[in-house]
Amino acid sequence: MSHSKMGEQQIYQILRSAIFNAELPPGTQLVESSLAEGFGVSRTPIRSVLSRLKYESLVRFIPNKGAFVYCPTPEEAEQIFFVRQILEPVAAYIAALQASPSDLEKMNFFLDQEEQCNQQNQPQLALQATQSFHMAVIEASKNTYLIQCLREILSLTHIILTFYDVSETNVSHSNHEHRALYEAIHQRDSDLAKQLAADHIPFILRDIDFTKKLNHALSIDQIITRYTPK
């Protein structure tokens, strides 16, 4: 079934949303010809979209096989969180010293968003708000290389949590921890901010279960129908 022609940005948003909503689980092959037919476009914008998703670590290209939805393996996840455990507390420490009023306002905005999404039982939107909060803390460090490194680490963490987070009752506790970190940064208590950030990582790890069963991938037609306004 062919749908009306869509723009590259719309295709990107649809596929990205489907991945983050676990409707295209890890290992799902994204075939250029099938995507092009489904979206009613040539392969050129599809290649561009897949490249953007690869840049965000959401897609991995395997030589002679094609593009696949990506999620780090348990072994890779261990390495990712090891690096995050080292670097993010440092970023929080510097953020407490460097954060501007606009940085603090941004953090508070994402915390409010996270809390609201949790209250409305929208876990994927809450997770995106959580990622944005952590990124706001990291960016407040004003250290270009620290930000660059942690942006990729945080994106990979987000992917892992999208598929393998099994927390159901700890969302309010998570928001409480984020609030405490924000207050430490707001009060310029760099040592406390560093400690709170370090203590938070094991809490995230505790809620990851790589044995969690994932749903089968939806077809491209199902995904387009779901994400296209009627």
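Buried means under 20% relative accessible area, and exposed means over 50%. These legends describe a predicted model.

**View 1. Helix α3 spans residues 43-55.** The helix has 13 residues. From first C-alpha to last, α3 reaches 18 Å, close to the 18 Å expected at 1.5 Å a residue. After α3 comes Ser57, with a positive phi near 65°.

**View 2. Helix α3 has a buried side.** Pro45, Ile46, Val49, Leu50 and Leu53 are buried in α3. They lie on the same side of α3 because they cover an arc of only 140° around the axis. An α-helix has 3.6 residues a turn, so residues three or four places apart point the same way. Now look at the face turned away from the buried side: Thr44 and Tyr55 are there, and they are exposed.

**View 3. The buried residues of α3 pack against other elements.** Two helices are among these partners: α1 (8-20) and α2 (32-39). The strands β1 (29-30), β2 (59-62) and β3 (66-69) are partners too.

**View 4. Three strands form an open sheet.** Their order is β1-β3-β2, and the pairing is antiparallel. β1 and β2 are the edge strands, because each pairs on one side only. Strands of a sheet pair through backbone hydrogen bonds.

**View 5. Strands β2 and β3 run antiparallel.** Four bridges join these two strands. Phe61 stands opposite Ala67 in β3. Helix α3 packs on the sheet and touches β1, β2 and β3. The direction of α3 makes about 110° with that of β2.

Notes: Residues numbered from 1 in each chain as written. Predicted model: local features only at pLDDT ≥ 70, side-chain atom pairs only at ≥ 80, totals over all residues. Heavy atoms only, no water. Expected span 1.5 Å × (residues − 1). Buried < 20%, exposed > 50% of the residue type's maximum accessible area, 1.4 Å probe, protein only. Arc of directions from axis to C-beta. Contact = heavy atoms within 4.5 Å. Axes fitted to C-alpha atoms, helices over the stretch in contact; angles between N-to-C directions.
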